Amino acid sequence: DLTRPWFYGYMTMLDIDRTIARDLFCCKEDLSMALPLICDFIYDIGPKLPKEIFDNPQPGVWVAKTAVIAQNACINAPCIIDENSEIRHCAFIRGSAIIGKNCVVGNSTEIKNSVLFDGVQVPHFNYVGDSILGYKAHFGAGVITANVRSDKAPVRFGFRKLGAIVGDYAEIGSNSV
């Protein structure tokens, strides 16, 4: 129903064809409804990813052979890191994370239960939790997606945690929360 403004808004702010997780978002009335499904989605598609493109270095983790991973980055399952992405020094991927093509997850950045569409850059001291970041979104240094309300009440649809849904090409200034 394209008459619903929030539905129309999501469809214009995020191009779901710019992520390996396209099927995770298809037919969702609200894209945030995909957040609790990320873990199962990764375990479903991970084993089906082409072996000529993706390695499976540990159970539940699939990393494109063209991705560059710093030796001291921590990557927990389940996780998919797509082609030509860079995971830098001291990055911490806590799990249930999909990192798109040509992404940068930088120094001391933490990702948890989130989808980064292709071309996303979260290069320094960022926290991305329970969030969806659109195509070529960019976070300045120290941006945090606070994912719990200060009063601990459910955020939306009964979710206890919801960080941010950030549109394609969005630029978020340094130290924003």
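Helices (H or I, at least four residues) and strands (E, at least two) are DSSP runs, numbered from the N terminus. The model is predicted, and for that reason local features need pLDDT of at least 70 and side-chain atom pairs count only at pLDDT 80 or more, while totals for chains, interfaces and linings use all residues. Residues are numbered from 1 along each chain as its sequence is written, and side-chain values use heavy atoms, with hydrogens and water left out.

**The nonpolar core**

- In soluble globular proteins, nonpolar side chains tend to be buried together.
- A nonpolar core is a set of buried Ala, Val, Leu, Ile, Met, Phe, Trp, Tyr and Cys residues joined through side-chain atoms within 4.5 Å, where buried means under 20% relative accessible area, exposed over 50%, and partly exposed in between (1.4 Å probe, protein chains only).
- The largest such core has 48 residues, of which Phe25, Ile99 and Leu116 touch the most other members.
- At least two residues of this core come from each of α2 (22-25), α3 (38-45), β2 (61-64), β5 (79-81), β7 (92-99), β9 (110-116), β12 (132-133) and β14 (165-166).
- Contact means heavy atoms within 4.5 Å, and Leu116, not counting residues up to four places away in sequence, touches Ile98, Ile99, Gly100, Cys103, Val105, Ile111, Val122, Val128 and Leu133.

**Helix α3**

- The buried residues of helix α3 are Ile38, Phe41, Ile42 and Ile45.
- Seen down the helix axis, these buried residues fall within an arc of 100°, so they line one face of α3; the arc is that of the directions from the helix axis to the C-beta atoms.
- An α-helix has 3.6 residues a turn, so residues three or four places apart point the same way.
- Packed against the buried residues of α3 are α2, β2, β5, β7 and β9.

**Glu110 in strand β9**

- Glu110 lies in strand β9, and its side chain is joined to that of Arg94 by a polar contact of 2.8 Å.
- A polar contact is a pair of N or O atoms within 3.5 Å; within protein, one must be able to donate a hydrogen and the other to accept it, and residues adjacent in sequence count only if both atoms are side-chain atoms.
- If neighbours within four places in sequence are left aside, Glu110 is in contact with Phe92, Arg94, Asn126, Tyr127 and Val128.

**Aromatic pairs**

- Rings of Phe, Tyr and Trp (its six-membered ring) pair if their centres lie within 6.5 Å, and planes under 30 degrees apart count as stacked, over 60 as edge-to-face and the rest as tilted.
- The structure holds two aromatic pairs.
- Phe25 and Phe117 form a tilted pair, at 5.6 Å centre to centre and with 45° between the planes.
- This pair links distant parts of the chain, since Phe25 is in helix α2 and Phe117 is in the loop between β9 and β10 (121-124), 92 residues apart.
- Phe25 is buried, with a relative accessible area of 2%, and Phe117 is buried as well, with a relative accessible area of 0%.
- Tyr135 and Tyr169 form an edge-to-face pair, at 5.4 Å centre to centre and with 90° between the planes.
- Here too distant parts of the chain are linked, with Tyr135 in the loop between β12 and β13 (138-139) and Tyr169 in the loop between β14 and β15 (171-172), 34 residues apart.

**Cysteines**

- A disulfide is a pair of cysteine sulfur atoms within 2.5 Å, and by this rule the count comes to zero disulfides.
- The sulfur of Cys39 is too far for a bond, because the closest cysteine sulfur, in Cys79, is 11 Å away.
- Cys90 is in no disulfide either, and the nearest cysteine sulfur, that of Cys74, is 10 Å away.
- Cys90 lies in the loop between β6 (86-87) and β7, and at 34% relative accessibility Cys90 counts as partly exposed.
- The C-alpha atoms of Cys90 and Ala73 are separated by 4.7 Å, although these residues are 17 residues apart along the chain.

**Backbone details**

- A cis peptide bond, with omega about -5°, joins Ala77 and Pro78, and Pro78 lies in the loop between β4 (74-75) and β5.
- Ser108, in the loop between β8 (104-107) and β9, is a residue other than glycine with a positive phi, near 55°.
- Asn175, in the segment after β15, has a positive phi of about 60° although it is not a glycine, and Asn175 is exposed, with a relative accessible area of 61%.
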